[in-house]
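Please look at the sequence and the structure shown here.

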Amino acid sequence: MVGYKFMGKAHSHAYRDVSFYFDNQVEPVLQAICGRDQAAVKEAAEKMGWLSYETDWRALIARDDIDLIDIVTPNSSHAEIAIAAAEAGKHVFCEKPLAMTFEQAKRMLAAVEKNNVLHMINHNYRFAPAVQFAKNLINSGRLGRIYHIRAIYLQDWIMDPQFPLVWRLSKEACGSGAHGDLAAHSIDLARFLVGEFKEVSGLMETFIKERPLVEGSSGLSGSASSSKTGPVHVDDASLFLARFENGAIGTFEATRFAGGNRNGNRFEINGEKGSVRWDMEKMNELDVYFHDDEVNVQGFRTISCTEEGHPFAAAYWPAGHIIGYEHTFINLVVELVKGLEKGESPAPNFVDGMKNQAVLEAVERSASLKRWVALSEIESKFS
Ligand SMILES: NC(=O)c1ccc[n+]([C@@H]2O[C@H](COP(=O)([O-])OP(=O)(O)OC[C@H]3O[C@@H](n4cnc5c(N)ncnc54)[C@H](O)[C@@H]3O)[C@@H](O)[C@H]2O)c1
């Protein structure tokens with residue numbers, strides 16, 4: 001694993017727990033992690049249970065006792081590490097967004113395919129049991145034709161203008177702001193639940209254009225260095241409208257300026273026979289509405305997706321004994337190890353990562369040109 005902070009902790013925990021809860025044939029061995037600071041990476045290895053460490057990812061990839069490279073570093077490094085790993089014959093598991101651009105994502109997919117290695121991307125929210133249950137309801141036709149998806153991903157951790165220019169606010173390190181960080185998740189959920197995007201119309205805004213330079217940062221925290229400041233080149237908020245290939249329409253809003261919302265990843269889907277709505281901060285629950293209920297009792301009902309028949313529930317606890325954020329990673333890692341068992345790239349993989357990147361890029365292009373952009377415009381540019 002390259003990187004070992006926020007996502008490093010989530011992935012390490014999932015590797016350690018997956019065989020405790022699930023019966024998989026392939027068992028992850030936490031062979032080595034990599035970070036640039038020797039003392040810090042050594043400490044992280046000891047704390048999280050990794051057997052060894054490296055201080056250069058190239059040395060990690062060169063080792064012949066490693067089969068899978070897991071990339072949990074800032075976005076700007078994903079492509080270089082993933083392509084080098086694939087060329088060394090390693091399977092690749094990469095954090096989202098897959099890349100900085102659609103063109104880069106396409107090269108990453110080409111590299112894993114050419115070198116015949118397995119690949120996966122970490123869109124963990126798909127693996128909340130309630131989201132999988134929503135998918136089952138949609139697939140079985142319980143909602144009928146899908147008309148709408150309304151997806152929002154609201155955070156508020158950078159509202160203070162004195163919050164420093166951490167890597168998530170640096171265009172060189174992450175490509176875009178709330179857009180690639182948060183909208184990428186909503187796009188994945190929409191592709192998973194509704195279908196492929198056809199065209200988009202976007203709007204992006206940066207409210208705070210200058211911030212203090214950073215001293216240190218990790219995950220969603222950071223400290224400012226001095227009175228020196230630098231310009232912010234990424235969006236604080238990104239909004240867009242979408243049409244899907246199947247005729248559904250959608251609205252999307254991703255922002256880090258929605259005061260009071262810590263991790264407000266939510267969606268509502270309306271179909272001809274019913275609706276579902278989900279809120280990450282109450283992730284075990286799915287609100288469901290069925291139009292064929294007797295009219296006097298019609299209304300949203302809240303289902304606790306913890307019954308034995310609900311997705312993943314049998315692996316954990318009795319009904320009503322809820323699971324949390326870290327379990328979305330465990331549930332995803334089950335698919336990863338099953339993919340390794342079968343020799344197949346599980347979903348979501350680099351194909352999904354690339355399609356996601358096309359939507360991200362289409363919205364950015366739309367916002368800068370102030371017009372609708374078809375996904376085919378982005379895809380044909382590099383075909
Ligand atoms: N799936 C999710 O829900 C989710 C949540 C948060 C972050 N992410 C993604 O995970 C990735 C990492 O984010 P994070 O929040 O864990 O960041 P973080 O700042 O907490 O950790 C980044 C890690 O990468 C290391 N690093 C940076 N450059 C490196 C290099 N060249 N070589 C080796 N190590 C290097 C840092 O030392 C640190 O350990 C990003 O792509 C982000 O978009 C995904």
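Lys-135 lies over the face of Phe-192, at 4.8 Å from the ring centre, and Arg-142 lies over the face of Phe-290, at 3.9 Å from the ring centre. A charge is said to sit over a ring if NZ of Lys or CZ of Arg is within 6 Å of the ring centre and within 35 degrees of the ring normal. This is a predicted model, in which local features need pLDDT of at least 70 and side-chain atom pairs count only at pLDDT 80 or more, while totals for chains, interfaces and linings use all residues. Residues are numbered from 1 along each chain as its sequence is written, and side-chain values use heavy atoms, with hydrogens and water left out.

Rings can also pair with one another: the rings of Phe, Tyr and Trp (its six-membered ring) form a pair if their centres lie within 6.5 Å, and planes under 30 degrees apart count as stacked, over 60 as edge-to-face and the rest as tilted. By this rule there are 19 aromatic pairs in the model. One of them joins Phe-207 and Phe-257, and this pair is tilted because the planes stand at 55°, with the ring centres 5.1 Å apart. The pair links distant parts of the chain, 50 residues apart, since Phe-207 is in the loop between strand 7 (197-205) and strand 8 (210-218) and Phe-257 is in the loop between strand 11 (249-255) and strand 12 (264-271). Strands (E, at least two residues) and helices (H or I, at least four) are DSSP runs, numbered from the N terminus.

Tyr-289 and Phe-300 form another tilted pair, with 5.8 Å from centre to centre and 45° between the planes. Tyr-289 belongs to strand 14 (residues 285-290), whereas Phe-300 is in the loop between strand 14 and strand 15 (301-304), 11 residues apart.

The table gives the accessibility of these residues, where buried means under 20% relative accessible area, exposed over 50% and partly exposed in between (1.4 Å probe, protein chains only).

| Residue | Relative accessible area and class |
|---|---|
| Phe-207 | 45%, partly exposed |
| Phe-257 | 17%, buried |
| Tyr-289 | 17%, buried |
| Phe-300 | 33%, partly exposed |

Ile-378 lies in helix 11 (residues 375-381) and is buried, with a relative accessible area of 0%. Leaving aside its neighbours within four places in sequence, Ile-378 is in contact (heavy atoms within 4.5 Å) with Phe-102, Ala-358, Glu-361, Ala-362, Arg-365 and Val-373.
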